Amino acid sequence: MPLASLVHRLGPERLRPLTETTGHEVAEPVFVYEPGRTPSGGIALVPGSLPGAEAIGELAAAGVGAAIVRAPEAEAEAFAARLAAEGIGLLLLTEPLGWLELAGQLHAVLAGSPAPEANGGGDLFALADMIAATVGGAVTIEDPHERVLAYSSLAEQPTDEVRRAAILGRQVPDLPYNPNSYERLLQSAAVVRFAGAEPALLPRLAVAVRAEGELLGSLWAIDANTELGTPAEDALLRAANLTAVHMVRARQARDAERRRRTRMLGDMLDGTLSPGGCAAQLGAGPRDRAVVLAFGQDQPVIADKLAEVVRGYFEVYHRPALCGVVEDRAYAVLAEPVAGGELPGLVRRTVASASAALGTLVRAGLGYEAGAWTELPRARRDAERALRAITHRPELGPVAGRAEVADLVVLQELAAEPGEVLGEPVPAVAAMLEHDRRYGTQYAQTVRTVLAEGPRGGTAAERLAVHPTTLRYRLRRAEQLFGLRLDDADARLVAWLQLRLR
């Protein structure tokens with residue numbers, strides 16, 4: 001995408017170019033700059049103090065298209081001159097916007113809109129400008145959830161604080177009269193007029209955007225001087241039909257890209273995509289290992305939504321990842337330097353952010369494979385095993401690799417595929433279980449607790465809330481009554497497995 005288009009879409013009042021934008025192209029990924037961790041291409045977010053010559057060389061070597069800073073203007077201009085010498089554009093963030101929020105908006109612009117057509121038809125922002133010029137008032141295009149998809153930026157057209165807040169937050173402010181206003185709008189097939197309350201809210205014209213009866217969003221135009229008459233209403237109504245075409249095309253483009261990623265992800269996880277193809281898709285280096293993440297959540301959440309949220313956060317952390325849904329589960333595949341060791345922390349931050357965004361606890365199992373991208377199916381199985389383990393034992397935390405929960409994985413798989421281990425208890429265990437069932441005794445619980453404590457057997461009495469003498473008596477009686485052989489290692493193992501997995 002041309003850098004000038006990016007500035008136009010996000011608004012020059014938010015991102016001010018300090019270098020020439022003509023001829024600069026920008027693309028994903030959007031990443032926070034860290035020394036030594038610069039991906040190829042993309043847009044670098046540079047929080048904090050401005051970096052030195054070494055960092056500029058690193059950005060140039062990686063082919064970064066543009067950088068965004070928040071700094072005093074004089075410092076930023078000096079930095080811009082040094083970047084321009086390396087062919088890198090610089091934008092100055094002039095509003096108090098969080099870096100994560102900015103990254104999300106950049107990603108939405110870069111990945112969420114279809115490529116502009118020759119007549120500008122694929123560009124919702126250009127379309128908003130065209131509608132504003134035709135109707136005679138500043139325009140916003142919203143989705144059905146009152147999120148701002150695009151807005152006009154014609155300098156001569158008045159605006160108000162509500163529109164500014166909606167554009168900055170990409171969401172219409174939650175105002176007390178919103179429900180009634182939107183109900184009126186959605187019940188009408190014609191243009192609806194809304195009175196304003198100067199200076200916070202100017203009068204508006206609005207119309208719902210529909211395609212074959214499906215609500216796609218709405219168009220809003222400011223009527224600052226209440227001079228927009230019937231011609232403006234007719235123009236806005238025609239514009240709604242044109243906007244519907246563009247929104248459907250944009251959705252089709254997003255759906256097509258999502259399907260492409262899903263097919264690619266499925267081929268990776270099934271082992272049908274070549275190792276070279278896997279590595280190339282993610283820009284993996286020769287020493288990088290493959291990592292598969294399997295995601296789950298406590299409450300029902302559409303897996304596609306979870307995958308998109310995770311994808312957005314990985315892009316913020318400049319980790320190219322292929323995210324999608326395979327067999328109703330959200331997965332991510334990415335490359336990690338073997339010596340890096342930073343991925344678990346990144347995944348924990350991503351899971352915490354996704355949990356907050358979705359309103360439910362998200363968990364992730366990690367599966368590693370150091371074998372040159374040849375064993376992604378195995379890494380997937382390990383990720384799923386780790387996820388099952390931490391779902392069964394929440395106290396282990398929301399993120400784990402299979403190596404961290406290997407013992408629990410073995411027990412779960414024994415329980416899931418018990419065969420003879422659980423199918424037919426050995427006589428001693430069967431007799432003990434039957435005795436407890438018939439007489440209400442607690443021999444099985446006692447033996448299981450003692451075996452679980454292992455060398456710390458002294459704490460078994462505390463856990464059972466009995467005197468140590470009582471505990472020893474129960475064990476002797478269990479051996480006498482049922483023929484348990486707790487002094488035999490094999491007998492202890494079998495008894496432990498059959499009691500533990502039941």
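**The sheet around β3 and β4**

Tutor: Start with strand β3 (residues 43–46) and strand β4 (residues 66–69): they run parallel and are joined by four bridges. Strands here are DSSP runs of E, at least two residues long, and helices are runs of H or I, at least four residues long; both are numbered from the N terminus. Two strands pair if DSSP finds at least two bridges between them. Within this pair, Ala44 of the chain faces Ala67 in β4.

A word on the source: this is a predicted model, where local features need pLDDT of at least 70 and side-chain atom pairs count only at pLDDT 80 or more, while totals for chains, interfaces and linings use all residues. Residues are numbered from 1 along each chain as its sequence is written, and side-chain values use heavy atoms, with hydrogens and water left out.

Now widen the view. β3 and β4 belong to an open sheet of five strands, in the order β1-β5-β4-β3-β2. The pairing in this sheet is mixed. At the edges stand β1 (15–17) and β2 (30–32). Each has a single partner strand, so one side of each lacks a neighbour in the sheet. From one strand to the next, the twist averages 30°. Angles run from 0 to 180 degrees between N-to-C directions; axes are lines fitted to C-alpha atoms, for helices over the stretch in contact.

Helix α3 (residues 73–84) packs on this sheet. The helix touches β1, β4 and β5 (89–93). Contact means heavy atoms within 4.5 Å. The direction of α3 makes about 165° with that of β5.

The chain has another five-strand open sheet, ordered β7-β6-β10-β9-β8. Its pairing is antiparallel. Here β7 (148–151) and β8 (192–194) are the edge strands. The twist averages 25° from one strand to the next. Three bridges join β8 to β9 (residues 204–211). Val192 has Ala206 in β9 as its bridge partner. Helix α8 (residues 230–270) lies across β6, β7, β8, β9 and β10, at about 40° to β9.

Last, the chain as a whole. It holds 19 helices and 15 strands. Of its 502 residues, 47% count as buried, meaning under 20% relative accessible area with a 1.4 Å probe, protein chains only. Among contacts between residues at least 6 apart in sequence, 61% join residues at least 24 apart.

Notes. Buried < 20%, exposed > 50% of the residue type's maximum accessible area, 1.4 Å probe, protein only.
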